[in-house]
Each structure stands twice: as C-alpha cells, then as structure tokens.
Amino acid sequence: MINEDTIVAPATAAGGGGVGIIRVSGPDAERQFLELFRPTFQPEQFKTHHFYYGHFCRPDGEILDEVMAVIMRGPRSFTTEDTVEFHCHNSIVILRQILNIIINNGVRMADPGEFTKRAFLNGRVDLCQAEAVADLIAAKSEKAGKVALQQLSGRLSASIKEYRKRLLHILALVETHIDFSEEDIELPDVVGLANDARKVKDDISLLVQTYATGRLLQEGTHILILGAPNVGKSSLLNRLVGSDRAIVTDIPGTTRDSLEEQHQIGGFPIKLIDTAGIRKTDDPIETEGIKRAYDRIEKADLVLLMVEAGSEIKETDRRLLDLCQNSEVIWVVNKVDRVRNGKGDDLLPGMDSVEISCKTGQGIEALEVRIKQHLESGREGAEESLVLYNARHCASLQGTIDALGLFLEGIEQGLSPDLLAIELRQAIQYVGEVTGESVTEEMLDVIFSHFCIGK
Ligand SMILES: Nc1nc2c(ncn2[C@@H]2O[C@H](COP(=O)(O)OP(=O)(O)OP(=O)(O)O)[C@@H](O)[C@H]2O)c(=O)[nH]1
Ligand SMILES: [Mg+2]
C-alpha cells in the first residue's frame, strides 16, 4: 500500500548536535528536492542514494542554508516510498523555516511514528520490528539496546511466524472435518492434533516466561533506598549516579518527595529511588513523603535498607524489612568512617549486608558488585537469547496460551470440529497481533501514537 500524500518531519532532536535532518517521504518527495535544493554542481540526473552538496533555497531562490541532500528512490528506502533528506545546520530557526517551506510547497507534517507506520504498512518491517525502532531509540542501557536490536532484526518475528504457521496447519486439519460434524464424525488422529497444539502452547509459555527478564532489561530494575532519616540515603543516591542530584543536609527529614534517577550498573538499566526517611512525625509534608516511600515498596525489585554504623537496629528498620517481603533486601551499613575500627559488621551478624561510607567512598564499589550480582542472577547472557520485553506482545501471547488451553479442553470433552476451530482461530488471531498479521486500525493508532514525530 503506497500512500498518496507526502509527509515531512525533522528526523533529529532540536538543537544540541551539529546536524539537523529534515526527512520527506511520499510520491511528491523528489519534486521537493528538485524545486528547493540547488546543488553546487548540477548533474545531468540526480542518482538515487547519493549525497549532493549545495543550498536549500526558498522557491524564489533565496538561500536558507548550506546543506547535503539525498534522494532515496523507493522501494529502497525505510518507508519503501521515495524519500528525501536535507542534512542542515541544526539551528531551530533554520529547521523551522525549511519545514514551513516544504509544508507550503504541498507536503503534510507527519504524525508521530508515521514514517515507521508507513514502513509497516508497506511491508518493509512487521509490527514488532516497527516497535523495536522506538525501543532501540529509548533504550537506557547497553543490554536494553541489544534486546531491541535483536527484535528489530526479526528474531522474535521469525519465532512468532513459526508458531502461527504451526497453528494454521492444525486449523487446516480441523477445518477439513467441519463439514462432517453433523454426523458426529470424530477427528482422525485427535491425539496427534492435541500433542501438536500442546507443543506450540508450551513453546509460547517458555517465551512468555522470559518477560520478567525482558521487562527489567528494557524498563530497568527498581532499586529503592529505604531507611530512617539522616542515615545517608540521598548521599548514596548521589554517590551511585555520580552527581549531586539529591539534597543532602545534616537535618533529619531533608528528603520529602521520592526522587527517581535512571542509571546503569554492569550494562543493566536501573531506576534508583531515594525516599523520605521513615519516622513518626507531625509534619504533614513529611508524612506525605513517608507515605510515598511506603507506596514504592511494592514495585521495588531490590531494596537497599540503610542503617548507620555504630547505632542499633531499630524497630522501624525491622518493620521495613517485614514490608519488603516481595523484593530482595540488602542491608547497607553507612558511615563506617565514623566507627573506630572502620567496620560495622557487628550490627548485623549473619545478614546480607555491605558496609560503606558515602563520605569516603569506602565500600561503594563492593555495593555495586553486590547490586550487579542481583541484576545478573538467572539472567546471564539473557540479552543474547530471545527475550520478550513488550507488554503488548506478552498480553497477546498470553491470549494465545489461554485460547489453546480451551482448545485442548475442548478436545478432551469431545467437542465438534467447528467448535474447536473457534478456539484455534482465536489463538491464531492473538499470535498474529504480535507481528501485525491480525491487527486493527485502532491498535495501530495506539501503538504509533507512542512514537515521537520524525520516527
Ligand atoms: N561521616 C559521614 N557522614 C555521612 C555519610 N553519609 C552521609 N553523611 C552525612 O549524613 C547527613 C545526612 O545525609 P543524607 O544523605 O541527607 O541522609 P538521608 O538519609 O537522605 O536523610 P533524610 O533525607 O533526612 O531521610 C549529611 O550531613 C551527610 O553529609 C558518611 O558515610 N559518613
Ligand atoms: Mg535524603
């Protein structure tokens, strides 16, 4: 399906870098190039996929910028349509003028994700590859980038298409017997069919099990820093991210709101969350902060429960430990620089603890190693294998598993082929949603609305 209209958008973020790219895609793209670009040396004919040096000019000939420009004639382009790019100086003022000139010359501003949507609709990539484009751009760590790149390369798509093919094969066998169902003819080799369906269901279940890891690789592990006021929680956040993000003072109750920082340890993305110190207080702002700290506990994957070297473990700390039952907890004994022997291990005999000093930096590396061990456990090399990280894909595959479960139950109950076919078709519908073989216009709108303009 080739679009009739032509779209334009900046393909690079505004400001910052030296080069800003304006991309045009559609049947009218080449006309824009010919009318608005003046090459330094006019060739007899512009070749496809060749960069030309020259000027971007208004239709009346006035020069706007010195640019490099390229025509990529379809179908050898990302959208498979004729595509033109102007590589300009990355000035907001220039880029805005160039955009306006192209729009006034008959081109429409692209919707978010519209270039990628066109690549999908024109069969250049399937839906999960298209989504991987946005994921790769948004990746917050090396490992997140790797899994997105893998999805973009089509590895997940290949598996999904293979499952769908196996299900279509089973459906074909079931459907050949629908006509006879009135005479109550049993399916031949019903055991074989059930076994095949069960195998597909098991394979998909294995893939769905990788979602927990995939989500952590893509979104980041939530690491919560919890503890009493003044133990050094904000100081630890600052130490780990390497900048003074959180306010640190010697006044207990300094941090009021939860503070979240993206970071990475050992290539794994993490969300590090500093919280208000937990204590009884009459201050309404602090009370709200403490409530927010409690609210975070449920979503935390790992909790750094902080205490001060040289002081007792308090009742509050024990209560916090009880609340953290769904996540792993590492006790962090801070301020070891203040105790005489520089050690705080007598505080928590036999517990999983790391002693640190946010002041001197002692033990910070050991804590990072300990966090890395947590992030890696059970996920060694996960980014090299096939992992599911997208919630939409996970939900569709779960739908497939459920429908196949009903199909298998139906076989056991001796249901007629036409009833069995309904569940199978449902399973095929769900599995096809991942790669976009069965997807509605509304679903596409939702998926692509999460993209930025220019992707
Ligand atoms: N000696 C010493 N002082 C530290 C260390 N870490 C933090 N401090 C000091 O302890 C005080 C409190 O530090 P914060 O990081 O604000 O503590 P917090 O746990 O975030 O406190 P609240 O936000 O009030 O809950 C500050 O004066 C820090 O300079 C350390 O390792 N050694
Ligand atoms: Mg604080």
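Reply: Let's begin with Lys 271, which sits in strand E10, residues 268–274. Strands (E, at least two residues) and helices (H or I, at least four) are DSSP runs numbered from the N terminus. Please keep in mind that this is a predicted model: local features need pLDDT of at least 70 and side-chain atom pairs count only at pLDDT 80 or more, while totals for chains, interfaces and linings use all residues. Residues are numbered from 1 along each chain as its sequence is written, chains are lettered from A and ligands numbered from 1 in the order in which they are written, and side-chain values use heavy atoms, with hydrogens and water left out.

Lys 271 is buried but has no salt bridge, and Glu 260, the nearest side chain of opposite charge, is 4.1 Å away. Buried means under 20% relative accessible area, exposed means over 50%, and partly exposed is in between, using a 1.4 Å probe and protein chains only. For charge, Lys and Arg count as positive and Asp and Glu as negative, with His and the chain ends not counted. A salt bridge needs a side-chain nitrogen of Lys or Arg within 4 Å of a carboxyl oxygen of Asp or Glu. Beyond its neighbours within four places in sequence, Lys 271 touches Glu 219, Thr 221, His 222, Ile 223, Glu 260, Glu 261 and Gln 262; contact here means heavy atoms within 4.5 Å.

Where does Glu 260 find a salt-bridge partner? Its side chain meets that of Arg 296, at 2.8 Å from N to O. This pair links distant parts of the chain, with Glu 260 in strand E9 and Arg 296 in helix H10 (residues 284–297), 36 residues apart. Glu 260 counts as partly exposed because its relative accessibility is 34%; Arg 296, at 26%, is partly exposed as well.

Helix H10 also holds Lys 291 and Asp 295, four residues apart and so separated by about one helical turn. Their side chains form a salt bridge of 3.2 Å, N to O. Lys 291 is partly exposed at 45% relative accessibility, and Asp 295 is partly exposed at 47%. Elsewhere, salt bridges with shared partners join Asp 5, Glu 81, Arg 108, Asp 111, Glu 114 and Arg 118 into one network. Another pair is Glu 286 with Arg 279, where the closest N and O atoms are 2.7 Å apart. Here Glu 286 is buried, with a relative accessible area of 3%, whereas Arg 279 is partly exposed at 34%. In total, the structure holds 32 salt bridges.

The magnesium ion, ligand 2, is coordinated by Ser 234 through OG and Thr 255 through OG1, at 2.0 Å. Ser 234 belongs to helix H9 (residues 233–241) and Thr 255 to the loop between H9 and strand E9 (259–265), so the pair, 21 residues apart, links distant parts of the chain. Donors are N, O and S atoms within 2.8 Å of the metal (3.2 Å for Na, K and Ca), and the site may look incomplete because water is not among the atoms. Both Ser 234 and Thr 255 are buried.

Thr 255 turns up again around ligand 1: 23 residues surround that ligand, and the closest are Lys 233, Ser 235, Gly 253, Thr 255 and Asp 337. A residue counts as near when one of its heavy atoms lies within 4 Å. Oxygen atoms of ligand 1 lie 2.8 Å from a polar side-chain atom of Lys 233 and 2.5 Å from one of Ser 235. A nitrogen atom of the ligand is 3.1 Å from an N or O atom in the side chain of Asn 334.

Thr 83 is buried, at 4% relative accessibility, and its side chain makes a polar contact of 3.4 Å with that of Ser 77. A polar contact is a pair of N or O atoms within 3.5 Å; within protein, one must be able to donate a hydrogen and the other to accept it, and residues adjacent in sequence count only if both atoms are side-chain atoms. Ser 77 lies in the loop between strands E5 (63–72) and E6 (83–89), and is buried at 5%.
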